[in-house]
Amino acid sequence: MAEWLYEEGIGEARAALIEKGRIVEAQIERDNRMVLAGAAAQGKLVRTLIPKKRGIVRLDTGEEVLLEPIPPKVAEGSMVVVDIMRSAIPEEGRAKLAKGRISAPGTKPHPGPSLLQRLRDTGVPILPCPAHEEDRLEEHGWSELLEEAASGEVGSEDAALRIFPTPAMVLIDVDGSLPPAQLGPKGAKLAAMAIRRMGLTGSIGIDLPTMNNKDERLIAAAQVDKYLPLPFERTAVNGFGFIQIVRKRERASLIELLRQDPVLTAAMALLRRAERHGTGGGVTIVGAPAVITLLNKHPEWLEQLGVRRGGLVTLRAEPTLSLSAGYME
């Protein structure tokens, strides 16, 4: 029976959908106060980029949202309520703004559904995972999944993926020691599972090996249909082994989230470990200087950790440690 494991962490919430003892979907939602998909937010149209088609709305929170289209009667300076279709997406170079459209008349501003609310909407049972109990996420391979997402490398010598997020699309390269007729279907299966597990959305291209005949390509495409739940659209596998998939894009993938700010990612992981260290009480977190500096800027995280542990939390920077290293004293 499938179930969601849900963890209300410090600075972020985490969830993993478990089926047959494996993580098949994973999500992280950070406490960054950015507008969420599904919200209706109030703001002002501050700039027109393309008349009647595209503009920028500055929300009351200060966040900017890409508005598409601009209704004929809405001019620069107008106060508007915007339905948020996609939250902001971190991207190398510059982030993609949240995207929205003008709300229907009479719509009242309201927040978008949180991670926990979205899990409830799936109808799948949710198992809360507090820190004082066994680490169920870790038992199902949470750290290994995060490592795969951070590196973009999945699989083994016989069939492996390398995942490259780009501004235009996510590219997945399939390689391995198997013959093309076997590597194609196995690579397609691995890719479909990784797409689901890491929440990859938007336009996704999978570069499979060149397969000799149409039947081999059909078998590979069938693996995508089997292991990637609807809704999505896809092309056929062409003669060069390329298949394109399109999934609705509402929020950042696990890869984008973890790579957006490596220091923040390391700090979240260290806080998670600190919460579970020992049997409670005071603790000293030892980490790389950049991570400790970031933690010092968020006393609310340390205060929350202290309350959960029932003791004083102190920090110590250790210059010899890498970002991902760290330990408790």
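This report walks through a sheet, its helices and the nonpolar cores of a predicted model.

## Before you start

Residues are numbered from 1 along each chain as its sequence is written, and side-chain values use heavy atoms, leaving out hydrogens and water. Because the model is predicted, local features need pLDDT of at least 70 and side-chain atom pairs count only at pLDDT 80 or more, while totals for chains, interfaces and linings use all residues.

## The open sheet

Let's begin with the strands. Six of them form an open sheet with mixed pairing, in the order β10-β11-β12-β13-β15-β14. Helices (H or I, at least four residues) and strands (E, at least two) are DSSP runs, numbered from the N terminus; two strands pair if DSSP finds at least two bridges between them. At the edges are β10 (153–155) and β14 (233–234), each pairing on one side only.

β10 runs antiparallel to β11 (residues 160–165), with three bridges between them. Glu153 has Arg162 of β11 as its bridge partner. Helix α4 (residues 180–198) packs on the sheet, where it touches β10, β11, β12 (170–175), β13 (202–207) and β15 (242–247). The directions of α4 and β11 make an angle of about 45° (axes are lines fitted to C-alpha atoms, for helices over the stretch in contact, and angles run from 0 to 180 degrees between N-to-C directions).

## One side of helix α3

Helix α3 covers residues 142–151, and its buried residues are Trp142, Leu145 and Ala149 (buried means under 20% relative accessible area, exposed over 50%, partly exposed in between, with a 1.4 Å probe and protein chains only). They lie on the same side of α3 because they cover an arc of only 65° around the axis, taken from the directions from the helix axis to the C-beta atoms. Just after α3 comes Gly152, with a positive phi of about 75°.

## The nonpolar cores

A nonpolar core is a set of buried Ala, Val, Leu, Ile, Met, Phe, Trp, Tyr and Cys residues joined through side-chain atoms within 4.5 Å. The largest one has 42 residues, and Ile163, Ile172, Met198, Leu200, Ile206 and Leu208 touch the most other members. Helix α4 gives the most to this core, with seven residues. Apart from it lies another core of 20 residues, including Ile10 and Leu294.

## Gln223 in helix α5

Gln223 lies in helix α5 (residues 214–227) and counts as buried because its relative accessibility is 19%. Leaving aside neighbours within four places in sequence, Gln223 is in contact (heavy atoms within 4.5 Å) with Pro185, Ala188, Lys189 and Ala192. The C-alpha atoms of Gln223 and Ala192 are separated by 7.6 Å, with the two residues 31 apart along the chain.
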